[in-house]
Amino acid sequence: MVRSMLAAGAAALFLSACSGDDGSASGGTDDPEPIDDVCALLPPEDATRIVGASYLRAREPAPDLPFRLCSYRQSEDEAPFTLTVSAGEGDLDQVVRGLEMYGEVSEQPIDVPGADDAVVLSTDDGDLAIEQVAAEADGNAYVVTFGGSTEVAVRLLSATLGEDAVDHSGAPVPDVCVLDPQVTSVLGRRAEREAGPAEEAWSSCSWETGTGTSATLSTARDAGDLDRYLAEHGYVPEGVTPQPIQVPGADAALLVRGPAATVSQASGLAQVGPVIYEVEVDDPATGRAAEIARELLAAAIGSS
């Protein structure tokens, strides 16, 4: 969520520069209607329907921040579908200038219902990859920063512009909490399960053996490709390069090993169509974290 806040805030800061100190638009009689409550543009229940993952409530940033931005909180702190919306008087050029604070920006025109003009903006400075969908309508600019696919981000932006909210599509993701037997077999000892969320677009479950070995499996639909998912949500230790691996049934897969000092830790990602499988393993007892991660990904995909 911090990454999304930074990126959305950069764009919103440039938008706020066009408004008066009191938050209202400055200028003549043709000025656009000021946006006083960004959070009212996209109610949490609409975001939930569009994404297929629960948003409990929307919240504005601290009052001392100089931009209009609304962030959406999910049921878990590490949920994959981070979401922020910013809006204000301005145009797409100002949004681009805000994102340029993070590096060179690429622009791809895109059709967004309800928008006069819209683009997909992306930048990657090597440490932070950002993608935003921005639109201009009736003298105001709107920006959605979403930790998921561009297609879903466009639906969120269209709803922000007042168009009918389009529900999420596709079958529910596999519920990884049904994998108790497979996880116990892979870990080589009985594992106690701690259930996580099981929603239409996201599920998560953790297991603990009682001897220090633990594993967490998650699935997410419409969360982008592996590289984008890793940039948005994953953790890659300094000096470590994700390695492509073969996982039966996967279209693509990556393994992230811990550095030499932490060989007990590994994480893996695999993609099957629009669904991403993620596993995190801590195995100080045997040092088989990477092998366990690969086997758990195969088990999760094979059970779906």
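Are Y55 and Y72 buried or exposed? Both are buried, where buried means under 20% relative accessible area and exposed over 50%, with partly exposed in between (1.4 Å probe, protein chains only).

This is a predicted model: local features need pLDDT of at least 70, side-chain atom pairs count only at pLDDT 80 or more, and totals for chains, interfaces and linings use all residues. Residues are numbered from 1 along each chain as its sequence is written, and side-chain values use heavy atoms, without hydrogens and water.

**The chain**

The protein chain has seven helices and 14 strands. These are DSSP runs, numbered from the N terminus: helices are H or I with at least four residues, strands E with at least two. Of the 304 residues, 50% are buried.

**Aromatic pairs**

The structure holds two aromatic pairs. Rings of Phe, Tyr and Trp (its six-membered ring) pair if their centres lie within 6.5 Å; planes under 30 degrees apart count as stacked, over 60 as edge-to-face and the rest as tilted.

| Pair | Centres | Planes | Type |
|---|---|---|---|
| Y55 and Y72 | 6.2 Å apart | 85° | edge-to-face |
| F81 and F146 | 5.8 Å apart | 10° | stacked |

Y55 lies in strand 1 (residues 55–59) and Y72 in strand 2 (residues 69–74), so their pair ties together parts 17 residues apart in sequence. The pair of F81 and F146 links distant parts of the chain, 65 residues apart. F81 sits in the loop between strand 2 and strand 3 (83–89). F146 belongs to strand 7 (residues 140–146). Both F81 and F146 are buried.
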